[in-house]
Amino acid sequence: MALPSMFEYSFRKIAEFSSRNSGKVIIAWILIFLLMAPAATLLFKETSYNIGSSIVPPTSMAQEASNYLSSEFGSSGTGSGGNNASFVLVTNNTNINNQAVTESLINMLSGEQSYLKNTTGESNITSIFSIERTSLLSVSSGIKKELNSTYNLIEKINSQATTLNKTLNETAFLEYGIPDFYLVNLSASRNPNESYNATIAFMKSTLVPAFEYHYFNNVTSYFNGTEKRPENMSQSINSTLTPNSSSFVGYMVRHNQTETLGLMLSINGNLSLTNFSMPSSYDPYAYNYTTSLISSGLSSNASLNAFVRSDLNISMGKLVGDSYNLSQPAVSEQILPLSVSFVYKGMQKTFFKNPQLELNPSKTIVTGYLNMLNQSNNINTTVNTEMKGNGFDNYSVIPTSYVYHQFVGYNNATLVVLISTGKNLTTSQVTEIDTIARNYTSDVPQANFYVAGTSAVDNQLATESLDGMIKALVIGIVLSVVIVGIFFRSIYAAFLPLAMFGISAVVAMGINGLLYKYIIHGTVSFITPTLLLILLLGLVSDYVVYIMSRFRRELRNGNPDAVEDAGQWAGNAVFTSGLTVALSYVVLYISRVPIFSDSGITNAIGVVVAILAANTFLVAILKRAGAKAFYPSKIHRDAKLPLEKTMENAANFVINNKGKLAVIFIIVALFGSYVYFITPTNMDVFNLVPSSSGIQAIEVVNGSFHGDFFDRGYVILKFQSPLVSSTGFNSTEMDKVTQVENQLLGTNGISEVFGPTLPYGYYVPFNLSGIPQSQKATYSTEMSSYIGTNASYAVIDFQLSSLAWLESSSQTVKTITASLTGKDSSVYTTYVGGETEGLNNAYSFTAGAFSRMIPILIIAIFVVLLIQLSSALTPLRLIFMVIASVVIALSISYFLLYYLEKLPLLIFLPMFVFITMLAVGLDYDIFMVSRVREDVLKGVSDQEAIKTSIIENGGVIITLGTILFATFGSLYFSGIGIIQEIGIGLGFGVLVDTFISWPFFVPSVMLLLKKYNWWPSRIRDRN
């Protein structure tokens, strides 16, 4: 008989040690369990639930762009234009042009602010209403001062006009009225002396000033020297007012009455004796004289002149003229509307081409608010009344379209509210925020509310992941216990794999938790704990059942060294299969595949712990328990074990049809390969996570904001020379920026672009030509925000028309990347970033890593099996057949998921299934080959050894496969699409391997190969 290899001897020694020291081994594992239990929770604390940040490969263009975005522009995440707030509240079907809805939303936000302030200590809520309130308060404060100043100015001008007009009227009466009175009397009496005396008496009765007597005497003196006809009176007045010939002029000068004299001269130059009392003649003159005089005086005041021309946007003449045209004196009811009209005119200029604020298109609405403000003593109260008493479209001053659509969708009914608390919110706080929103707006018909943002989505995904993991574990554990209990017909045996799983899981999670917290200093993705626990549940159950099955067979055969033999042969098989699994996951970890690579090291550690526990702890328990491990079942010598007869029939069928089975296997494998290679995979991760409130919010916002508002992409341009110099923006570089912006605008699939010359979504010349001087600073600041700290960098944001993770967006960004990368490379270098580019990079990286991993994995597994089995051909055959089985299983999964359910197929599905099944799928083949090799070493023929292996291993393999299928299949109940797809792929992989490949195809090929199964070793020559 041939001697066992050194591996069998090694595991013999391990089994003997564990048997001799069973008590110590059990205590040692219990102590390890207790020590690791506190650390086991660390893995959950070091878990990241942020899909976007964990999916971008570290060496990708998207990551490089993100690094530049952070260092040069002070932004982080996947898009500089999107919203990276930790918490976002989205409302839908809430039309803010409706007054009742607006009032309800304002009250709701106030309630949220109050709650957050009380619970978090600090919070800031930014919404279209907070922006509107801040803007209105600021504008109203300034406008209120303008209204007061304008009112006072109008009142002053009108008062001056009233005084001047009165003086003008009185002077005109003295200049023309008195002579006219004289002429009327002369016409009646025909007696100059009588008319003169009557006029003097009249003058005395009206208390005319002293100079008037001198004036009248001069006029009548000139008049008496004429023919005393009425038409000569005008000539007499002219002669009196002629400086060179008039004693009156000299009199006025000597008595400091030059101002009155000037007024009289003006009247004489513009009016006549016959028309001075006619309104059609006098009124225009009075208006022109008065307004000209007042305007001239006011214009000499530089600050007042600037206020009128700049702030009110009118001429001084217009101000004085309109103020003059009021009644004299004017009353408040007249002055108020005029001051409002002037301030409105000024506001039109102030807000002209303002990129952030604009006046309501309705003048009535604006002036109505100004009137309300004019009559108000409290600006806060006025602003609150304005906001709660109107729909948004009836506000007087509103954000521009650019600002408005950063918070409100184009349907005016979808709102984005940003909440910043300085720390992540708990699940209960997120729930309370949602409850407050619903309570305050319960009277808004059909309103919907969604919580989104990093904090909310992380909390939701954490809750869903934990719930999904618990569901999957509970279902997997229950099925495992039931299947093992039925197989062994034992209550004790049913729970032994569960106990081993508990020990292995706690120890493995403790080691991983310590590893990630204190050594790696990183986090694991949200799927890692679930995959680790489910994998451990399946593999531990398999290892335990396989060793126990061998132990039971040895007991049935009356072997006194049943534990040692089970440990030697089954333990060696478990080690070999487990080692291939661990190697597979180590390769996955080294590949750094997004989301899944960290599960590589955690799973590898878990598998190593499971192997150690199975070969020591389990052996020690079996030594202590003996046949009682299978209570209440009795073990009878040479008794048939479950499924042995069935498997004997299967073995005979294979022996008789080995050629046909091999042909069928090749045909099925080829067809499966065809389906596998023609079916596309992608990186549509977000469609395969639960449709949580956060995901729904993104979809709702996408539908009303003309694209993916949250996950905007961006292009970073790194120029050879700066875009800004001491004299302003440099034309050469800015022209290139504009070219790229225009190229993005012309790309199908892009809805909006923002950049250095598109700071508000529309083109602005970099030299700011056509922009009002008052607005240039605002435009320049916004344009500069797209220039890096190092002025050689520029960023351009673009908004995709579709959700960032959809295939259409992926193709759009691929087009952008292809067209921009390398273009004008002598002038600038291009880096495309954002969620979509990150997903594209992740797909390319994963596909490349996948193609590299498989050969490495095949070589590693081949070397292990070559050493273990002392054969070169059998490891190749095993690997080939497992790959074929995986391809067949994946083709079935693809058919169900992609062609029937129309679900996206993540590239992670084939990658993870290949890696896992290439190792796990080998387990059962290794169990068979190990058993065949054992008999061949004892001198049994290949055919008999294969038949014996099928008969003896069939029942246990089917049981193991059923357990593994149940545990992997339980992933479907996790509720997380990524994990569900993997569970389906792994489940079908196990089913194909267990019920088709292992019992039929593997033995048929082995039977055809015969002695070549062991080539190049000469096992039989050693007998």
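This is a predicted model: local features need pLDDT of at least 70, side-chain atom pairs count only at pLDDT 80 or more; totals for chains, interfaces and linings use all residues.
**Notebook: rings and cores**

I started with charges over rings: the charged end of K517 sits over the ring of Y518, 5.8 Å from its centre. I then looked up R592, which lies over the face of Y589, with 4.8 Å to the ring centre.

Next, the cores. I find 287 residues in the largest nonpolar core, and F129, M347, F596, V685 and F908 have the most contacts inside it. Apart from that core lies another, of 43 residues, including I716, Y760, M783 and Y786.

What does F596 touch, if I skip residues up to four places away in sequence? I get I527, L531, L588, F908, M911, F912, I978 and I982.

On to the aromatic pairs, of which the structure holds 39. I picked F596 and F908: their ring centres are 4.7 Å apart and the planes make 40 degrees, so I log the pair as tilted. F596 is in the loop between α24 (562–591) and α25 (597–625), while F908 is in helix α34 (residues 908–937), so I have a link between distant parts of the chain, 312 residues apart.

Are these two buried or exposed? F596 counts as buried because its relative accessibility is 0%, and F908 counts as buried at 1%.

I also checked Y676 and F914, an edge-to-face aromatic pair with 5.9 Å centre to centre and 70 degrees between the planes. Y676 lies in helix α27 (residues 658–678) and F914 in helix α34, so this pair ties together parts 238 residues apart in sequence. Both Y676 and F914 are buried.

Last entry: I found one aromatic cluster formed by Y402, F754, Y760, Y762 and Y779.

Notes:
Residues are numbered from 1 along each chain as its sequence is written. Side-chain values use heavy atoms; hydrogens and water are left out. A nonpolar core is a set of buried Ala, Val, Leu, Ile, Met, Phe, Trp, Tyr and Cys residues joined through side-chain atoms within 4.5 Å. Buried means under 20% relative accessible area, exposed over 50%, partly exposed in between (1.4 Å probe, protein chains only). Contact means heavy atoms within 4.5 Å. Rings of Phe, Tyr and Trp (its six-membered ring) pair if their centres lie within 6.5 Å; planes under 30 degrees apart count as stacked, over 60 as edge-to-face and the rest as tilted. Helices (H or I, at least four residues) and strands (E, at least two) are DSSP runs, numbered from the N terminus. A charge sits over a ring if NZ of Lys or CZ of Arg is within 6 Å of the ring centre and within 35 degrees of the ring normal.
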